[in-house]
Amino acid sequence: MKGKFITLEGIEGSGKSTNLESIKSVLDQKKIEYVITREPGGGPLGSHLRKLLLDKEHSISPSVEMLLMMADRKDHVDNLINPNLNKGICVISDRYLDSTIAYQGGGRQLDADLINSLSVTLKLPTPDLTLLFDLPVDVALQRAAERSELDRFEREPKDFHSRIRDSYLELASNNHRIKTVDSSKDTKLVSKQVEKYLSEFLNA
Ligand code: TYD
């Protein structure tokens, strides 16, 4: 049987990575074998592409940025995601295709249909479950600023991040696989929501 494909999504500072621990503990309890990965940068070409994409010294046009994200993803899918899913291993990816729809589609205002049709052409698998970590943009950006030096995306104005949040919420309202976690809540409550969604999904 194929492994389950689970993705984590959200705006900057939304707490995706912090909640990986709750996810790991649910999978460990259920003795499910998994790998944890991330985008951009999860495939063999990843470290080069990630550096290019996040470096604040580069100025990249929206369509080139989108194509680089898709190239990074195809490399990741072919070399890590699909081989593991085919071996029955669960794959957890910190960001995936919904990030391109939200950031390059919503944020950079590129045509979402183009992104979707590219993903079909590239035969990118659809996640089985996506956890969307959602909270108000002001709170999230404050958290991201406290965390570390800002990268090329985090430096964008508030409007950009608001459009990304709106795109994510629209995706969630149209796709049953996306479960929205209210990450403005206290960390314990956030991990409870994560554990609930994950257990419901694994028990279904
Ligand atoms: P990262 O340092 O991994 O940040 P985060 O903790 O927020 O995931 O940076 C990844 C950045 O790349 C993040 O700002 C979102 C952006 N991104 C896109 O714009 N499009 C994409 O398709 C992906 C995967 C990421």
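Predicted model: local features only at pLDDT ≥ 70, side-chain atom pairs only at ≥ 80, totals over all residues.
Residues are numbered from 1 along each chain as its sequence is written, and side-chain values use heavy atoms, with hydrogens and water left out.

View 1. Eight helices and five strands make up the secondary structure of the chain (DSSP runs, numbered from the N terminus: helices are H or I with at least four residues, strands are E with at least two). The radius of gyration is 16 Å, close to the 17 Å that the globule rule gives for 204 residues, so the chain is as compact as a globular protein of that length (the radius is taken over C-alpha atoms, and the rule is 2.2 Å times the number of residues to the power 0.38). Along its principal axes, the C-alpha trace spans about 45 × 40 × 30 Å.

**View 2. Glu 65 in helix H3.** Look for Glu 65 in the helix that covers residues 62-86. Glu 65 is buried, with a relative accessible area of 0% (buried means under 20%, exposed over 50% and partly exposed in between, with a 1.4 Å probe and protein chains only). Its side chain meets that of Gln 104 in a polar contact of 2.6 Å (a pair of N or O atoms within 3.5 Å; within protein, one must be able to donate a hydrogen and the other to accept it, and residues adjacent in sequence count only if both atoms are side-chain atoms). Beyond neighbours within four places in sequence, the contacts of Glu 65 include Arg 108, Arg 152 and Phe 153 (contact means heavy atoms within 4.5 Å).

**View 3. Ser 99 in helix H4.** Ser 99 sits in the helix of residues 97-107 and is buried at 7% relative accessibility. Leaving aside neighbours within four places in sequence, Ser 99 touches Glu 9, Gln 104 and Tyr 168.

**View 4. His 161 in helix H7.** This helix covers residues 158-174. His 161 is buried, with a relative accessible area of 1%. Not counting residues up to four places away in sequence, its contacts include Ile 11, Glu 12, Val 137 and Phe 153.
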